[in-house]
Amino acid sequence: MECNHFVLPVFYHVDPSDVRKQKNTFAIDVKACSRWTEQNVNLWKKALKEVADLAGMVLSGSESEFIAKIVDTIDYKLDLKLVSTPPHLIGMDSRTIFINSWLKNKQSGDNILAICGMGGSGKTTLAQFIYNSNKKYFENTSYLEEIGKHYKLPHGLLGLQKQLLTDILGGKNERISNVSEGTSKVEAALQKKRAFIVLDDIDEHDECLLSISSSKKLVMHQLLQEMGRKIVLEESKDPSKHSRVSQNYESYRLLGKGKGSETIEGLALDVRKLEQGMRSNPLALKTDMSFGNLKKFEPPMVLHSLKILNLKESHKLVSIHNLSRLPNLETLILWNCGRLTHVCETIECLESLSLLDFTGCTNLWKVSSNKKPKSSCTGGGIPRQSFSLPDSLKFLFLNDCNLENNNDIPLFFSGQPFFYLNLGNNLLEVLPNNINLKMLRVLELTSCPKLKSLLCLPSTLEELYTYRCFSLEKITFESARFKLRKFVYRDCNKVSEIQGLFKLVSIEKLHEVDLGHMKWIKAYQDREVDLVGDEITRNRKWHIQVLYEYGIMNTYLPGIIDQSITASEYRSLSPNVSFRVPSCPKKQRIQGLQVTALYRPSGQDEDIWVLFTKISNTTKGLTWMYNPVVYCQPGVGEDAVWISYWPIGNILDTGDEVNVSIIVGNGLNVTECGASLVFIDDGEVEKESCEHHMKEEEVIGGDLSEFELTTKGYYLCRRDFFKSTTLDWVKVLLGDPIPYTELLGWRKSRPTQYSIASFMELETFRGSFFSNMKEIVLKIDSYSRTKEKKMLKALSAVHGVNSVMIDIKRWTVTVSGDVDAVDVAICAKKIKDMHIISNGSSTHSRGYTYPFNDVKTEGIEMISRKIHLLVLGCVWICRR
């Protein structure tokens, strides 16, 4: 239900729970009629539940009083209380994009924002426009104008409090006798209500405490900082009961000797200052968390508020104890804790733990002595331990752990539905069989050189990274329909089969019965062929192969002069041939259609990868446009023969008009095109009939609905050719009636570009802890495979680089990470023919930024009784 509508459910002699759960008179079931289908019933159930969940009115007591309450409620709700704005405002929408987005983001922890500027610059008008535009999205709103003027009047502040309280309580008048009481009641009301409050014309005394730095950043005066600290100190004399602990000595004392605390929300500790100015136990001082020198980590008290524990790069860390003292921990990072040998078994009890990073924890899995493992987490060093993980875990990193087989993962899984699993840079040959993959979305297996196969991967998988898995040969899925949208398998030099995508088989490994009417090509099994077009063809030498894709069988024969190979029943010296299906020979039926094409390089380099076969049964209105995943690249002045067999005999009838076209880009020329019908005896069983495919398979005869571009027009291609092109070959392929915009960002294309780390790892995990993440884009003036390897090697070695992505179509290289642009520029200069075109700003800003009067300001957190302030000036916009 949209927020610009007011819905008030009235339950008149009706139990809301009956509506919510569809019980009694509200029970609805699927019936054998067009109205109560399963889809319609589900829609009704959803709508009834949504209505019942709204704040409504239930009849109790006198009906006349109940009706009066309904009228009063509607009267209040429909009173929009919009503030007056000047007429004919122009350009306001573009100026409020950021603030509108911030107001709608319920997940943001920042609740107050301010707008600054010189007098008369339009702050009030902007605030009024924002208020009117967003009022409908909040349960309660209040606009307090001319606060500076009212504040100076007798009892002015008390009047403002009364108005604010009345607004956020929905019109209910609350009696207030003094300002202190008003403050308490406003705070109590805001704990229960989600309110939108605009405070206009804050007194100018605030402006003396804020200033703009030379880098155009808004900075806070030290007096304002001290005021915030003083507010916190007044909460209690006991630092363990403060919401924030900012003094080093207090932080150290609490961490080292303190008792449990449920109030601490933030704690600051500068270990370097402590080491310089205090004499104490050196071991106890090593609480620097990431990049620290501590050998043992053990929370000294119960910390209910701690959600993230980052022990990254703690190279001396050996053991972790008493994790049960962090009951609400959500993220535990142990990245590159290479000496870690023990993790407390109470990790299983962390019911909120969602992300666990064991990256580089190589010693945690090793057996280095004959000591018997202990079950208690308080024991000494354990050379190899087993422990269980909590059911809440969604992201698990086990990469760079030197794991060689299933026995090297002594973790007990009780059915955790992982969303992300990283096993990259290990020596596994198969996936561990004790990990539940049923809900897996992202699987990272980069640099697993011994991995041979991935069998029965879950259909939920959306991203798969197998870069540099040199031994990988076969990938299958548990279902013929899967959601894989990003698949990186570069340098997987042995991959020959990816179920649902393609299968490449050497003719040498096929029997004549497998080839059917094409068994004659066995004579050419020792001939070499240069296959290109996909990552699997890189750095590989091939003999003649058979490609199976969409149920179509293909082969390529380069440099063959024998004219009998290209002999076809219907033949043309152009890229097109047409024919009418004849009557079948006696006691035979049509099995399929064989298409033969002869092509050679044109001498132009562009679009050389474009190669399509288009088959149209104009009588039945059916069209297939097919682009093979790999194709033969003939040498200069050399012809290549492309033979494809289409098992479409059951949809070819006598008299059907059939058109066949071979469509190529500017880099190729077609010199001959032919087509021949393939017949089979009536009693003979087809080996590869389209009737035998499972209905959910994306093959001819299966389910090609995702490839249907127009009615009965199927675009069998997994590449995105049409980002900006409208070349002639596109018009030939698609025809004028088909809008090219339908293919922009083609839904079946699969990004496969180079990446060291997966998108999810970089965006949802690494960026959360490295706020200095940048993306630097470089332009390349020339390209070759040799130069590509040189670029990847050099740029990956730059300090702080997490990923390098090359986009050949755009001639760009994108470097991501906590990296210095100067270092990247120096590296690019050494490589030559490269220059920076985008000096990557931070990709993970924690604060909000909003431009006003050419002043770029950034978020500044103030300490103020559980409210985070984002200060941008003198008009404060608050949400709760």
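How many disulfides does the structure hold? It holds zero, a disulfide being a pair of cysteine sulfur atoms within 2.5 Å. Cys349 is in no disulfide, and the nearest cysteine sulfur, that of Cys344, is 8.1 Å away. Cys349 counts as exposed at 52% relative accessibility. Cys448 is likewise in no disulfide; here the nearest cysteine sulfur belongs to Cys469, 5.0 Å away. With 1% relative accessibility, Cys448 counts as buried. Buried means under 20% relative accessible area, exposed over 50%, and partly exposed in between, using a 1.4 Å probe and protein chains only.

This is a predicted model, in which local features need pLDDT of at least 70 and side-chain atom pairs count only at pLDDT 80 or more, while totals for chains, interfaces and linings use all residues. Residues are numbered from 1 along each chain as its sequence is written, and side-chain values use heavy atoms, with hydrogens and water left out.

Next come the strands. Helices (H or I, at least four residues) and strands (E, at least two) are DSSP runs, numbered from the N terminus. Strand β35 covers residues 611–617, and seven of its seven residues are buried, so the strand is largely enclosed by the rest of the structure. On one side of β35 lie Leu611, Thr613, Ile615 and Asn617, and on the other Phe612, Lys614 and Ser616; all are buried, which leaves both faces covered.

β35 has two partners to follow, where two strands pair if DSSP finds at least two bridges between them. Seven bridges connect β35 with strand β39 (residues 657–664) in the antiparallel sense. Strand β36 (residues 622–626) also runs antiparallel to β35, joined by five bridges. Ser616 takes part in both pairings: its bridge partner in β39 is Asn659, and in β36 it stands opposite Thr623. The hairpin of β35 and β36 has four residues between the strands, and Gly621 there takes a positive phi near 70°.

Strand β30 (residues 545–549) is mostly covered, with four of its five residues buried. Four bridges pair β30 with strand β26 (residues 502–506) in the antiparallel sense, and Val505 has Val546 as its bridge partner in β30. β30 and β31 form a hairpin with two residues between them, and Tyr550 in the turn has a positive phi of about 55°.

Tyr550 also belongs to one aromatic cluster, together with Tyr556, Tyr626, Trp642, Trp646 and Phe707. Rings of Phe, Tyr and Trp (its six-membered ring) pair if their centres lie within 6.5 Å; planes under 30 degrees apart count as stacked, over 60 as edge-to-face and the rest as tilted. A search of the whole structure finds 13 aromatic pairs. Phe395 and Tyr420 form a tilted pair, 6.3 Å centre to centre with 35° between the planes. This pair links distant parts of the chain, 25 residues apart: Phe395 is in strand β17 (residues 395–397) and Tyr420 in strand β19 (residues 420–422). Tyr420 counts as buried, at 0% relative accessibility. The pair of Tyr570 and Phe579 is stacked, because the ring centres are 4.3 Å apart and the planes are at 5°. Tyr570 is buried with a relative accessible area of 17%, and Phe579 is buried with 4%.
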